[in-house]
Amino acid sequence: MANYGMAFDYKLCINCRACEVACKEENGIELGANKHRLWIETKEPSGDFWNLNREKMDFMQLQCQQCEDAPCLKACPHDAIYRDKNGIIRLHDEQCDLSLDCVKACPYDARYVDTRKNITDKCIFCADTRLDRGLMTTACQVTCPSKVRIFGDLEDKNSEISRTLKEREYFQLKVKKGTKPKLFYLK
Amino acid sequence: MKVIEISRRRFLKGSVALSVYATSSLNAVTLIPKSITQPTNKIFNNLKEIPFLCNMCRNKCAGIARVEESIVTKIDPNPFFPKSRNMICPKGNAGIQALYDKDRVKYPLIRVGKRGNGNYKRVTWDEAYEYIKDKLIKILDEQKDNRSTIAYCNGEGFNKDEYIQFFGGKIGSANFLDEGSICLNTKLGATLLTIGDVGEMDVAGSDFLILLGANRFESLITPDSVDMARMQKEQKLIVVDPRATVTALKANEYLPINVGTDLALILSMTYIAIKENLYNSEFVKKQFKDFDKYQEHILKERYTSQWAESKTAIPKEKIEKLTKEFFDAERPLLYMGRRSVWAKNDFQLRRAMVLLNGLAGSINRKGGIIFGEPIKLPQEEINSPIYDNAEGRFDLDGVVYGSRKGGSWLNFREKVITKTAPYEVKAMFIRKHNLMQNMPNIAKTKKMLEMMELVVVLDTMPTDTAIMADVILPECTYLEREDKVVSFNRLEPSLALRNQVVQPLYESKSMQDILKGLGKKLSKPLFEISKKYDEDLQDSIKELGEKKAFNEGGYDFVELYKKDITQRNQELIEKKFGKDVYKTLKDRGVWYPNIDKHHKEIFNGVYEYYPEDKKFYSVDRKFKVNCYLKKLQKNGFDPMPTWRDEYDFKVAKDSFRMITGRYVMFTQSATTNNSMLRDLEHTNHIWINNKIAKEKNIELGDLVEVKSSIGKVKIKAYPTNKIHPQVVWFAHGYNSTSESMTNSYGNGANDNEIIEDKFEKIYGCATMHHTDVKIRKL
């Protein structure tokens, strides 16, 4: 029993995409540019070559935000989406009929259609591939050169993520939607 | 870069957990396709975790392979290795796809059609060896036992020295070539000649780091790239580049520069440092040799910031500020590379860089170029014959220094194809070296290979080079073999062992096993040739008898392979370091002194390997910083770094300067067929300045023709503000001509079809940034 969340020291990202490959290999994700559980959104510099403006430029790690109030969960007409014992939003594969209500409901664009299994898929913190084995890391986290991601139990006060969130300022994505995401971006 | 104009949906292959073609049979003669149908990985039976060393690029990061039912299902980083800092990059993660690539060379093959057509018949290993033997007997008989008629080459990798021992030592050829002359030999040479050692750069320890062109975030080098990515607020990173790479964009400051003018910038920084007395006079007084000459030369040439601005396009105020900040910093480091050779002044540039580091006192100290203390491994002694009729190498003729080991590819190739070499080269053994893609002007490489009577390629993939071979020998990938233990690094030294993760697939073999088989076949017949022509051997036989002359003369090519690699490693390690160290290397893949005591996690997967006071920042060693190289002066070159008018950045009318580089997810052409990596960057695009593109009506994804004096290619356009208006760039490694490379065949453009072949004359290195091209929208 835990309440898993993830913090991102997002400015350390160099967009090498090791996380993307590690995720695809670990979780057997379908290949293709629009098939992914996580991705890096890049903002390019503006201006002229000799005077590039890099202020707004960044690499942002995006994936399912593991909302405490998850729109996808509410949207599913078949109750196929559930929260597991560790607070991770999961799917009963056999109950999914690809109504795509969850895909439309997600404000973070976190879900895609797995055309082999005919389900909507997204990041589940490697719940079935790593956490079930007793590993305490996600594939994306452990492989990262700059160690952008900090993963752990938000309930455990001594976990690295809890300590980090206590010590550092952070923001969450689209908080106005009221989704209460459990992903935190460190300032 | 992320170009999203293309649909990549046709690559719906699925990753390894989905469909794996592998076999659990130990002797994998027949292939048993095995398919795991559940995308999620639920097999926990027979799980093994095996530490290994990656080989997807030159870094050799340490990983741990998860093996389930004899299938590699996941690769994670190995936290024990100081060098790779507990990370695995995208290429390393996709190593599984290299192992299970359906296009791999699976069996020994002999060519049946024209060279380059890719038509081969499957043969047994013995048939392949027999074919090679017959050809070699004929060639060596015709060449009267001149062993150097057999050239051999090997790209970067652990087994290179052993390969040299076999072909250079045992077979006796002087003509070995490696990647150094199409890579960074000028950097190694300039450092060695200036401070007596190639050194290592302490990135983590530096508080002010300048990178000239080295694109460390898209061309990952461990630990340098990781240390740069994890730089703290008090550390500053400055990047100078004609292209706004990811490294440039992530830096504290990015200085755009004209192509090939880095030397002008460094000379100007040197001028300012000397003129304004910014340098570390104590260090200079103690360590520099001929500083007075250098000082006089720099001041006399008047390399002012204004002068440098006219060459580099960097504003003079910025050059002055950069110089002051560099010398004000506590531990400044002008990062020495690593990267290919671009301009003909590259050796001089690297020299000027070492000297500038010296002026800042950044040698043999924390955050500088360090000498450190590598762990020494014992050598295996083998006995090599001396062939009376073997001629010397010719590729360093006309080159001042050059690498005596790996030579000069472009000079070698030129002399072969123009028949100006002192003797004929008739055979070539090529291993882990994609000649048909890796050096400028592919047409010339093709011509060279067509002139050979025997070309043998050892590779895992049917590359463009492989399909030029008479015989292709399937080597196994790094995950299928154990390699000899290696000593890494100087600041935080360690030993690391590449353990075998799975048995070789198909009929592939390790290099050692291939050479063992070849050695058995060749030893006696090639000895017979020497008996015929080698007078020294004839005398030796008279004196000792044939059997003794053979054995004591070292003619048994299998000498090194009497024991397998596992036995050899065990003996080598236990003899010097003891049984516990061997066990640690087998269990963890890595060992260094006091590993249990010193290895600890700091936070979130970031480790400390050596405590601060145990790192080898400064060692007790006598060294000089040599300002003046007499040998250069004797050969008509500048003995000290000097700017020449011919180095000025000038682009022909209506043309662009073509520069090259790579994407983060590819290692040159070696990973080009990897379906996972291909999925990330499906094809290459040519970068062209957005304003120029607009004038030319070129939009994202438009097909353009890029034409140089030696050829032309077609490629899609990527207009961007991230490149100099007079420069275009595209990534190396795309567009195979081998149809058997199904993912990379005919995809994108190959830079070496249009880069003109020129080499600098100090190290014989191919220069790559001198070609002007014209661009036309199709």
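**Entry 1: the contact between the chains**

I began with a definition: two residues are in contact if their C-beta atoms, placed from the backbone, lie within 7 Å. I noted that the structure is a predicted model.

**Entry 2: residue E30(A)**

I next located E30(A), which lies in the loop between α1 and β2 (38-43) of chain A. Is E30(A) buried or exposed? A residue is buried if 20 or more other C-beta atoms lie within 10 Å of its own. E30(A) has 24 other C-beta atoms within 10 Å, and therefore it is buried. I also checked E30(A) against V113(A): the two are 83 residues apart along the chain, and their C-alpha atoms are separated by 9.6 Å.

**Entry 3: chain B as a whole**

I turned to chain B and recorded its secondary structure as 25 helices and 31 strands. The radius of gyration of chain B is 26 Å, close to the 28 Å that the globule rule gives for 778 residues, so chain B is as compact as a globular protein of that length. I noted that the C-alpha trace of chain B spans about 70 × 70 × 60 Å along its principal axes. Of the 778 residues of chain B, 58% count as buried. I then looked at contacts in chain B between residues at least 6 apart in sequence, and found that 75% of them join residues at least 24 apart.

**Entry 4: the domains of chain B**

I looked up the domain assignment of chain B, which gives domain 1 (127-177 + 387-475 + 510-561), domain 2 (185-373 + 621-634) and domain 3 (645-777). The C-alpha centres of domain 1 of chain B and domain 2 of chain B lie 39 Å apart.

**Entry 5: helix α17 of chain B**

I closed with helix α17 (residues 511-533) of chain B. Where does this helix bend? The bend is at L522(B) and comes to about 40°, and a proline, P525(B), follows within four residues. I noted that L522(B) is among the buried residues of α17(B), which also include M511(B), I514(B), L518(B) and F527(B).

Technical notes: Residues are numbered from 1 along each chain as its sequence is written. Chains are lettered from A and ligands numbered from 1 in the order in which they are written. This is a predicted model: local features need pLDDT of at least 70, side-chain atom pairs count only at pLDDT 80 or more; totals for chains, interfaces and linings use all residues. Domain bounds come from an automatic or database domain assignment. Helices (H or I, at least four residues) and strands (E, at least two) are DSSP runs, numbered from the N terminus. A residue is buried if 20 or more other C-beta atoms lie within 10 Å of its own, exposed if 12 or fewer, and partly exposed in between; C-beta atoms are placed from the backbone. The bend at a residue is the angle between axes fitted to the seven residues ending there and the seven starting there. The radius of gyration is taken over C-alpha atoms; the globule rule is 2.2 Å times the number of residues to the power 0.38.
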